[in-house]
Amino acid sequence: MLALALLALTASCGDARSTGAGAIGPVSTLERNQALHIPMRDDVRIAVDVWLPEGIEPGTQLPTMVRATRYWRARGLVDVPLERTSNFDEAERWNGAGYALVLVDARGSGASFGIRRFELAEDEVRDYGEVVDWIVAQPWSNGRVGAYGVSYAGNTAEMLAVNRHPAVRAVAPLFNDFDNFGHLVFPGGVLTVGFLESWSNRTRMQDLNDICGLSGVDGSECDELRRGQVTGVKPVDADLDGALLAAAVTEHEANTVPFGAALEYEFRDDPFGRYDETDVGHRRSPSGHLPQIDESGAAMFIRAGWQDAATVNGTLGRYNTISNAQHVFIGPWDHGARNDADPFRPDDTPVAPDAAARFTELVAFFDTHLKEGGSGQTPTEINYYTLGADRWTRTEIWPPEGFEDVTWYFGAEGMLTREAPSDADAEDAYTVDFTATTGTRNRWYTNGGGGDVVYGDRREEDTKLLTYTSAPMEVDTEITGHPVVTLHVASTESDGAFIVYLEDVAPDGTVRYITEGQLRAVMRAVTDDPPLYRKYGPHRSELRADAMPLVPGDVAEISFDLWATSVLIREGHRIRVAIAGADADTFLRYPRDGRVPVLSVQRNAIYPSAIVLPIRSGAGSISAS
């Protein structure tokens, strides 16, 4: 049972030197699976697993698929047949589709040597280009390489294009963090401590090959686990006595620990981690390397989920920024499409399309670019699912045509109304409730391996928040795009978090979460400087020089976009906007010194607070009461 626990955990996610197969150059045999080190330009050795089709004949040349990860490329198992090894099923699928498969441990992780100054550092990205150099030198390679992966492996797939390697013609970043700072770790400048702490602890244990820590056991249970079949990360074949792996793990001890570093880091340009790296907020994400990705010309196959952190905004921002062919699917999925996350369907609704169908789509994409006779053509289009409607729509432009921005104002007695306020001094007071939470099955936790996104009925939690609710919709009303909220608010404190939820209220009172947005108050300064990629609300630099603390008692404008969505609000349902200053299980508390802000949300003719919703025109009359 202990071994099984470790298998589940690792699936979610001396001066010893190897010889022989570790040298750059052709592999001399056509074994089904080989594990070896490839030395990089600086002599750091990167561990890879190579899978070739069973019975491959000498002289056969194949395209190669690469998946690079920092979560162990493979598990070390003792005395198990090849069919029970950790990546056999994945290899069977790709080999059966006519591809070689190369799995890579990122620098400073798994069985690779080196250190991690921060995630996706430039030296790690260069490594992937050199792995491609090695691949195309193999006798079984046809000189064409693609990369794919979910989450971090999706990031590495996209970052491979940064090298502009001529062999890399297509990549599939799936559910990846295009802008790690803005869409996962610090959305709106608010630190996602709930997700990051557990992720950081888990990856630290992986980097140190701590199988007992990963399995949550110690003492005699740890001893039993170590005597079992699971040894931790898989060593390379030449490492017969474990000395190479031990040496690599020793180097990993110098890795920056992300959670501790993030607690000392607030703005994109702050020094990060034990090596005081600068501008990490841009450097550690594909969004900071868009000119190189554009220049690569690599075609892209992309999947994202509406409720997978804020990664959908990265998908849409990329689409409207670079010229690469991009075939995009945005579905009702959690992180990795393991579960259906449409809040209007039962929690156990099967994922559609299923994993087999999604793999078939992926193979068809790569066949087009990597196999002889492929057309090399990929459509640039977005296929998106509308929550609550069970409907897919295709569009070549984003935002899609047929929607108009409709302003809904915050009114008296908690009403959300189309009528602009006429009072001169109306306002609502709200004392931030730091017990308010969206739980641990939300869009942020799923990105760290937290499983399905299930917010449940929000009506009780909404009693802790400041809410504004519309009259019942007179017709079915679709919201697709990027809601933008503008709060005019005075606070008793100079800092704080502003979190705004968009919700559906059913006739029976059930409250369903749709999307959210957040902004740390000191990040509110809007700049006219062009962003690195297309954004859909007020643009902020998120740099320390542009910090703008609140002046206690003064009215300030807090304006930001909510994460993109597509949802059908049925006739008889109501739209709700709920305002919070905290999410206890998800975000760091602001102000960090423990003080409790009291907010005065203005809703008057001088300072109207409102939300702009992109609503399908021609959907029928909308109540203005």
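Visitor: Why is glutamate 266 called buried?

Guide: Glutamate 266 has a relative accessible area of 19%, and buried means under 20%, exposed over 50% and partly exposed in between, with a 1.4 Å probe and protein chains only, so glutamate 266 counts as buried. This is a predicted model, in which local features need pLDDT of at least 70 and side-chain atom pairs count only at pLDDT 80 or more, while totals for chains, interfaces and linings use all residues. Residues are numbered from 1 along each chain as its sequence is written, and side-chain values use heavy atoms, with hydrogens and water left out.

Visitor: What makes the contact of glutamate 266 and arginine 544 a salt bridge?

Guide: The term requires a side-chain nitrogen of Lys or Arg within 4 Å of a carboxyl oxygen of Asp or Glu; the N to O value for glutamate 266 and arginine 544 is 3.2 Å, so the pair qualifies.

Visitor: Which exposure classes do glutamate 295 and arginine 164 fall into?

Guide: Glutamate 295, with a relative accessible area of 57%, is exposed, whereas arginine 164, with 40%, is partly exposed.
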